[in-house]
Amino acid sequence: MTTTMSKANSAADERYRRPKRRWTYYILPVYTWAVLLYLCLPIFVMILFGFNNTKGRYNISFQGFTLKWYRELFSIGGLTDALVNSITIAIIVTIVSVAIGGALGLALGRYRFRGKGPLSLVVFAQIATPELVLGTSLLSLFLTLNIPRGYVTILLAHIMFCIPFVAVTVQARVAGLDSSLKEAALDLGATPMVAFRKVTLPMIMPGIMAGALLSFALSIDDFVTTSFNAGQTVTFPLWVYGASRLGIPAQVNVMGTLIFVFGLALAAYSVIAGRRKKA
Amino acid sequence: MTSQTEQERREAGQGVAAAAIDLRGVEKTFYSKAETFSAVRSLDLAIQDGEFFSLLGPSGCGKTTTLRMIAGFEEPTAGEILLHGQNMVGVPPYKRDVNTVFQSYALFPHMTVAENVSFGLERKRVDKQEIRQRVGEMLEIVGLGERGDRRPQQLSGGQQQRVALARALVNRPRALLLDEPLAALDLKLRQAMQVELKRIQREVGITFVFVTHDQGEALTMSDRLVVMNGGLLEQVGTPHELYERPATRFVAGFLGTSNIMEGKVTGVDRGIAVIDAGADGRVLVPTDRSAVGDRIAVSVRPEKIVLSRDEPAADDERCAVTGTVAEMVYLGTSNTYEVRLNGGEMLTVLEQNHSTSESTAQRGDTVWLTWRPQHSLQLVDEPAAATEGGAADDAG
């Protein structure tokens, strides 16, 4: 009797250790990893070819590992200037479009006012309109008004297409806010300005940060709109496009990698900061 | 503070001219594209200093709108709101010496409990040392002395409720406004918080204005309360006055179970009217305004009625009606009977279980219901008339 008992027990243990899983159990993990691979593969290739010891002008096949492109990162004058342009433009665009788009998102998320419907339609229309159309029509506008194309027109164009993205992310955050939070601040003696600074602003900060990251990312690698309105100014994407016919130097991969690492660090920081806040 | 001093304060308060909160002819109408909605219509109300005052009524009766007008979140369409004699119309909420406990608590999720509680004092530029001391004391009072560095979302519903209370009370406002603060809590916690709120109110001694749709809550906690319906005041008074002497059909029905009978007055003798309700038997009601031939409504509380299988003697002075038990529910400490009178009315009777023997009657039994004439209450149907009628006068 005891033997049969222990046998039964061990059989039960076996079942416990190795539960028989239906094949359907694996669908979701396999699918998830496949999508992740699909998303990450181009980035891996970019990083890898930054270490490629190229012999000729073309960086197409992997010919050996080297760090020399990291050492000679700024050896191509035009490329460095283009990168500096792109970074300064992205920073200015982020700041300005967060200020304008944030206020827009706050108004759309919190208040009811005349013209709210048309305004949110315009915001969405701006996101939905093909960039090619925006770029060419902006060019016509600048030509008509006789505004010289260059750094400033790039800024104007980028700010214009970044505002809606900030507005939408901030609006979503504001709409989720309990309206009594602001009333509670007023009730406790805060003026509307203080209530905004101490309560509303910290609460919608995640939306603002998301909008800022989007703006930075959209601006730094924008090609279509920029190409129509850049004049003599060269940005990083414009330089790469221009160089592609002659062969793209490996420094481009290195710079791409560094921009990617910077973005990754920012994203990681915002996740960690968010966790620390909750704890 | 003992209940006696509270009683004295209340009585003293009734004589003083300037109430803590005085609403005079307050109206609030909301206009939208489709319609206009009268949330509050011509409300007159005087809340005394140090009083626990409740605004009671079903949803949409205007109680929350009234509270929001006192806090300053809504401006009245007409009328005046006076806080300690000062007209508050046009004064923004951050300049009013009242604080609110919100139904959703509205705790700032990005701040710790202590930061939440000190928010109001920081706005008033109170000395840092004093802020720390007062916040610490207030968290002790609400039983959260150890939780100052937590985030609100790490606390239970009941604890969040206490933080909201502490955040308002630490400012030592002239009045505390509470908008259904216990609605989100489960029954046990709600009952515990009712006792707790009463204790805190006695301890700090400031005026509490409490909005609720829960009649039990309003009766157990309030010094006085107002019952509102459809934007109008139905009746003001102490819980005892409103329960024992409801002026209107609405108040009688909203505060506890009420048996309402209607009938024509067939005779009036020394202020006692006889009405022809209940078919067999007699229904008597004290009256000061009805004459023979008037149709009146009478209310009797279920616990005032005595149920018996024996017909009362003919010279019995009490009201007596007869009917058949339609339903009997055993509730442990008591039995509830639904009795259908021969005239068709349904009466609810509550009988205490004094003995361990079987209940007095079963379903289908013919029974007699008796009660003393002074437990019959004549009701006024129109709330507008109630403000002029007798019952509202002795409420103030």
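Biologist: Which residues of chain A does UniProt list for "transmembrane region"?

Modeller: This is a predicted model, where local features need pLDDT of at least 70 and side-chain atom pairs count only at pLDDT 80 or more, while totals for chains, interfaces and linings use all residues. Residues are numbered from 1 along each chain as its sequence is written, and chains are lettered from A and ligands numbered from 1 in the order in which they are written. For "transmembrane region", the unreviewed UniProt entry lists, in chain A, residues 25-51, 87-109, 121-145, 151-172, 199-220 and 254-272.

Biologist: How far apart are the end C-alpha atoms over residues 151-172 of chain A?

Modeller: Helices (H or I, at least four residues) and strands (E, at least two) are DSSP runs, numbered from the N terminus. Residues 151-172 of chain A are 100% helix and 0% strand. Between the end C-alpha atoms of this stretch the distance is 32 Å.

Biologist: Is Leu106(A) buried or exposed?

Modeller: Leu106(A) sits in helix 4 (residues 77-110) of chain A. A residue is buried if 20 or more other C-beta atoms lie within 10 Å of its own, exposed if 12 or fewer, and partly exposed in between, with C-beta atoms placed from the backbone. Because 21 other C-beta atoms lie within 10 Å of it, Leu106(A) is buried.

Biologist: Leaving aside neighbours within four places in sequence, which residues is Leu106(A) in contact with?

Modeller: Two residues are in contact if their C-beta atoms, placed from the backbone, lie within 7 Å. Val168(A) is 62 residues away from Leu106(A) in sequence and 9.5 Å away in space, C-alpha to C-alpha. With its neighbours within four places set aside, Leu106(A) is in contact with Val170(A) and Val174(A).

Biologist: Let's move to chain B. Which element gives the most to the side of chain B that touches chain A?

Modeller: Here 16 residues of chain B are in contact with 16 residues of chain A. Strand 6 and helix 3 (113-123) of chain B each supply at least two residues of the touching side of chain B. With three residues, the element that gives the most is helix 3 of chain B.

Biologist: Which strands stand at the edges of the open sheet in chain B?

Modeller: Six strands of chain B form this open sheet, in the order 6-7-8-3-9-10 with mixed pairing; two strands pair if DSSP finds at least two bridges between them. One side of each edge strand is left without a neighbour in the sheet, because each has a single partner strand; in chain B these are strand 6 (98-101) and strand 10 (232-237).

Biologist: Which residue of strand 9 of chain B is the bridge partner of Phe53(B)?

Modeller: Strand 3 (residues 52-56) and strand 9 (residues 224-229) of chain B run parallel and are joined by four bridges. In strand 9 of chain B, the bridge partner of Phe53(B) is Arg224(B).

Biologist: How many residues of helix 2 of chain B are buried?

Modeller: Helix 2 (residues 63-71) of chain B is mostly covered, and its buried residues include Lys63(B) and Arg68(B). Just after this helix, Gly72(B) takes a positive phi of about 105 degrees. Of the nine residues in helix 2 of chain B, the number buried is nine.

Biologist: How far apart are the C-alpha centres of the two domains of chain B?

Modeller: Chain B is divided into domain 1 (3-244) and domain 2 (258-379), with bounds from an automatic or database domain assignment. The C-alpha centres of domain 1 and domain 2 of chain B are separated by 40 Å.

Notes
UniProt positions renumbered as here; feature names shortened; annotations may be inferred.
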